[in-house]
Amino acid sequence: MNQNPEQIARDNIDKQLKSCGWIVQNKRNLNLNAGLGVAVREYQTDAGPADYILFVDRKPVGVIEAKREEEGHRLTVVEEQSVEYATSKLKHLNNEPLPFVYESTGVLTHFTDYRDPKPRAREVFTFHRPETFREWLKKDKSLRGRLQELPDLPIEGLRECQINAITNLEKSFKANKPRALIQMATGSGKTFTAITFIYRLLKYAGAKRVLFLVDTKNLGEQAEQEFIAYVPNDDNRKFTELYNVQCLKSSYVATDSQVCISTIQRIYSILKGEELDEAAEETNPAEIQWKRQDPMPVVYNEKLPIEFFDFIVIDECHRSIYNLWKQVLDYFDAFLIGLTATPDKRTFGFFNQNVVSEYTHENAVADGVNVGYNVYLIETKISKKGAELWKGLYIDRREKLTRRKRWEQLDEDIQYSAKKLDDVVVNPNQIRTIIRTFKEKLPEIFPGRKEVPKTLIFAKTDSHADDIIQIVREEFDEGNAFCKKVTYKSEEDPKSVLTQFRNDYYPRIAVTVDMIATGTDVKPLEILIFMRDIKSKNYFEQMKGRGTRTISLDDLKKVTPSAQYAKDHFVIIDAIGVTKSLKTDSRPLERKPSVPLKDLLAAIAVGAQDEDLFTTIAGRLARLEKKLTVEEKEKFTEKANGKSINRLVKELLNAYDPDVIEERARAKFNVPEGETPTDHQLRDVQDTLILEVASIFTGELNEYIENVWKVHEQIIDIVNPDEVEFAGWDTQAKDKATEIVEDFKAYINQHKDEITALQIFFNQPHRRKELTYAMIKELFEKLKSDKPSLAPLKVWKAYEQLENVKGGSPVNELTVLVSLIRRVSGIDEVLTPYDKIVDKNFQDWVFRKQAGPLKFTEEQMEWLRMIKEHIATSFHFDKEDLNYAPFDAKGGIGKMWQLFREMTDEIIDELNEGLVA
């Protein structure tokens, strides 16, 4: 072994170069025909011998300046020396300056491409492959050079927030900033934005390949669908007709794919050379509490070299790119672009404070891109305080896994808190009370609906979800199609159920644990019911985001036929106190004293290999073995590839037992007696032992262990009935409603002297009969332009929370606006739909007319009602309107004259004046 620091560095560099496909030679044994890429040591230049000169296709292309590891902090100082070698003449050659320059200690490597507009060194994981340099040199300009020439963005079909994000991101690329963060509110089109700039990078910047990184399989599949559906605004072909898109489901990465969609777990496993069970992609790794003491580093993979991707787009980047997973991003020599609605301090730090887009939920609501929400509270006695079961009671016990029940008499008092609900104790009355209250209060929450608005319920566990589903179906007197579970563990294909929930009439209610808690687009969703608490501020924001998506009235009516208006808000029904509980900025990063078994199993499934993890799992399994029945042990063995629990415990411990490792190494490598196996041999054996035992923990086995580990049985409490303590709009929602109403009043009062419609209502009420559709439309458009946050329907709903609104739902936004103005101007004491006012005034007018000798015939009444309906939606009736539907089909102005003769003009005037009074 070399002890000289310089030689150690060169040994490491040699090893890395060989891994990256270079043939390393001494100058005295020079043979440039030996392969595509040759690295020659100590090659002579006009400036002296260079540590390495890199040749591709027999031509010099680059230089490596080697330094000992201790000089890592001085690599920027070494750049001058490297450039001197790169720009000097090589012995025997009349070469141009060499474009590719490295400074390396064998541990830390810097790389500069001197073809870039402003060449800047960047840290790289290792060296680039010779094939890469050959490809790069075929192009006139480097990638960073081509980024300078991106054409202006065509803005047709893009929202302003998307235009800003893409424009600023491309400025960031042109400034050669390696990391950029796009913060865009949920529902504002982050993925669409990403696909748009990816398309431009592929088409105009000649990007070779882009990685779209997600942290759950579900988000990857959803992103794939968006790529398939995307049609650029400068081409009538779909994205997937122009470029290959691959969603990784194995370790195979197609080299002819321009876009790869993958979970970060899968890329990590590929770099580690390990297979990954698909079940490990179902859980967001940020949710796993186990933290490795010594993260296993990624190693170079020639099938996935560092330059394989030019750009990496990280979806939901606030979650899973820290600690262990950060290695995946550090490995690739690529621009990193983060997408998130809810960044935290770590996110800003990771992306070097380079926030190219800052578009918050509040911005999105103000622009009409998203909808806001109101909070409706359902507080019950047991939800807040728990309950007590007394010694001597006969209660049901239910196995979580099989749902099998048995009677048992309690031999001690049991007092359970709200936190133990739906885990240790299930109280069906508590669930039923919440669901029944929800059903009873629906007319208050969403007035005028004939069906339940599309509703998503967040449950604590799969077992809790099953209980909720059963009770929902019973309370609403509906069948299986009405309410379904959407989790990875549901019997029915979760993607199929999700598609139904999004596009079909049924299910009306979906129950989930966390599969569609984040990132999943269900536009018709109008109610979120929280029956589980959330401690993470970011996670809660993401979950709320499921309801923010906008949808047109036509599309909403396809799944919710009784909807009368486009979605303008959603409602959070808080049945657990989630809107009031203390939230942390993000999940704690420290390892907790007691990590749930689920997280331990998830950690080993995604490749965690440190000793603490293996011994902890072994200890938990040893305790589990004592609790299981014979049948459960047999089932365990069946799912563990024929290995019993005890056998698996032993193998987990053997993987870190030095005596076992040495014994196996002696046998494998035939180490003679008296000699000790080398470190390499010991490591080889230990790696094999670790991989063999870790590969047993598949998704199926992990799920089984997790289920049987839980307390075998839950107590079913049917003794304590629950009762509602409060059901109503949250005070914060009322405060918000008051603010909206006051803002609206202020706006109307501010403009009452300058807008014709408002002048009539406030200053010249005798002219109300002159009010026209065009006047109201003009006011509506000005309000929409000046104050999009004061949309009439939104103000109407705010009033509904503050006072007893009469007469049901209004007809359309313009009639809503008139009703609101009548309320603000004092014409009506209580907010009332305009059509109901017209109806009442019409009844009064007919009564007055017929109190005397005049009696209208049935045919005359039919025409009067048609005029009334016209005024109810258009505010004014002109004789010319008789030439249009529905009057023209019934004879028009001639028929009107035939029916009313010389009274025609008088009746029209009286109706115009009387009905709008």
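So, a salt bridge here is a side-chain nitrogen of Lys or Arg within 4 Å of a carboxyl oxygen of Asp or Glu. Go by that rule, and the count for this structure comes to 49 salt bridges.

Quick housekeeping before we look at a few. This is a predicted model, so local features need pLDDT of at least 70 and side-chain atom pairs count only at pLDDT 80 or more, while totals for chains, interfaces and linings use all residues. Residues are numbered from 1 along each chain as its sequence is written, and side-chain values use heavy atoms, with hydrogens and water left out.

Okay, which residue does D333 pair with in a salt bridge? It's R122, at 2.7 Å, N to O. These two come from distant parts of the chain, 211 residues apart: D333 sits in the loop between α10 (326–331) and β13 (335–340), and R122 is in strand β7, residues 122–124. By the way, helices (H or I, at least four residues) and strands (E, at least two) are DSSP runs, numbered from the N terminus. Are D333 and R122 buried or exposed? Both are buried, where buried means under 20% relative accessible area, exposed over 50%, and partly exposed in between, using a 1.4 Å probe and protein chains only.

Next up, D330 in helix α10 and R179 in strand β8 (residues 179–184), which are 151 residues apart. Their side chains meet at 3.7 Å, N to O. D330 is partly exposed, at 35%.

Last stop: salt bridges with shared partners join E6, R68, E70, E71 and R74 into one network. Inside it, R74 and E71 meet at 2.7 Å, N to O. R74 is partly exposed at 34%, whereas E71, at 13%, counts as buried.
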